[in-house]
Amino acid sequence: MELTTLLARMKLDYLEAGLDSLCEQAAARDMDYKTFLSTALATEWQGRHQRGIQARLRQARLPWIKTVDQFDFDFQPSIDRRQVRELAGLGFVERAGNVVILGPPGVGKTHLAVALGVKAVEAGYSVLFLTLESLMSRLTRARAENRLERALQQLTYPKLLILDEIGYLPLTREDASLFFRLLVRRYERASLIVTSNKGFIDWGEIFGDHVLATAILDRLLHHASTLNIKGDSFRLKEKRRAGLLGRATPSAPPASQELHDPSARQLDPLSQLDRPADTGHSH
Ligand SMILES: Nc1ncnc2c1ncn2[C@@H]1O[C@H](COP(=O)(O)OP(=O)(O)OP(=O)(O)O)[C@@H](O)[C@H]1O
Ligand SMILES: [Mg+2]
């Protein structure tokens, strides 16, 4: 059988595509048989690996791609970069732990969540990114169409689920109980990264019910690392640089805190929810 037919039948697409240059390399470097075979198979494996990453990236539905290396830690000194590097090692995904990223608008919550999502995709995990709003509309639609059970089941498959923007829109009590059901399904089985512009104290309001909010936080924070970002909006920094806003002076409060400062009330997140604090690295 012809080599190209054989490669096509065995679906060794990447090897077929790279065959000529591979043979040239082998001749130029005077490769022995084993080295040649392993280089050939490595070509195929590398191609498949990349294809897997691309497919998982598409399935993850990240809003855009940003990496940990693209994050300017000097701009956001309240973030412990060692903690982020440790999270990027993905031990929390292996342990089905969670990550909670809190902070005012524009401080990089989505950026860091996406960056951890990209790491997880590269490591071979299935990832799904949803805003809380899109999650809720997905679940309420499923319930209306009598397929809630299946929708919940589907949302337990991704090894890492990123739920962005908790707190921007209040939920009804029914929405909150749907959210709770999802959390129960994933608890200690698969990881969540959630981002919120509100401190935990305000979660009772977001979920429209303090008892439910406490039960949600209880599961969410049981095995969780919390990144509490306190600082300026990166978006405003970019605007300022472009001359669209006045310069921030040291005496003036940072622009992001003029609007709302959840971080100021996040020091003892659960104190008002009658639960012992269990945030930070709690494995
Ligand atoms: N420290 C940083 N270094 C580099 N880029 C940053 C940093 N912080 C934020 N950015 C960039 O600024 C933009 C806004 O950040 P991001 O969307 O992550 O903010 P956010 O905290 O999620 O805000 P919001 O609460 O409004 O959703 C993004 O393009 C992000 O990549
Ligand atoms: Mg965001």
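Helices here are DSSP runs of at least four residues, numbered from the N terminus. The model shown in every view is predicted.

**View 1. Helices H6 and H12 both contribute to the shell around ligand 1.** Helix H6 spans 109–122 and helix H12 spans 234–241. Each supplies at least two residues of the shell. H6 gives the most, with three residues. In total, 18 residues surround ligand 1. The closest are Asp72, Gly108, Thr110, His111 and Phe234. By class, the shell divides into eight polar, five nonpolar and five charged residues.

**View 2. The largest nonpolar core has 51 residues.** Ile101, Ile193 and Leu220 have the most contacts inside this core. H6 provides the largest share of the core, eight residues.

**View 3. Ile101 and the residues it touches.** Residues up to four places away in sequence are not counted here.

**View 4. Helix H2 packs on helix H3 at an angle of about 145°.** H2 covers residues 13–28 and H3 covers residues 33–60. Their axes are 9 Å apart. The crossing of H2 past H3 is right-handed. From H2, the contact uses Asp13, Tyr14, Leu15, Gly18, Leu22 and Ala26. From H3, Phe36, Thr39, Ala40, Thr43, Glu44, Gly47 and Arg48 take part. The contact residues comprise six nonpolar, four polar and three charged.

**View 5. Arg138 lies in helix H7.** This helix runs over residues 132–144. Arg138 counts as partly exposed because it has 15 C-beta neighbours inside 10 Å; a residue is buried at 20 or more and exposed at 12 or fewer. Ala151 is 13 residues from Arg138 in sequence. In space the two are 7.9 Å apart, C-alpha to C-alpha.

**View 6. Leu169 sits in the loop between strand E3 and helix H9.** The strand spans 160–166 and the helix 173–186. Leu169 has 12 C-beta neighbours inside 10 Å, so it counts as exposed. Phe207 is 38 residues away from Leu169 in sequence. Their C-alpha to C-alpha separation in space is 9.5 Å.

Note on methods. Residues numbered from 1 in each chain as written. Chains lettered and ligands numbered in written order. Predicted model: local features only at pLDDT ≥ 70, side-chain atom pairs only at ≥ 80, totals over all residues. Near = placed C-beta within 6 Å. Nonpolar A, V, L, I, M, F, W, Y, C, P; charged D, E, K, R; others polar. Core = buried A, V, L, I, M, F, W, Y, C linked by C-beta atoms within 7 Å. Contact = placed C-beta atoms within 7 Å. Axes fitted to C-alpha atoms, helices over the stretch in contact; angles between N-to-C directions. Left-handed = near helix turned anticlockwise from the far one by under 90°.
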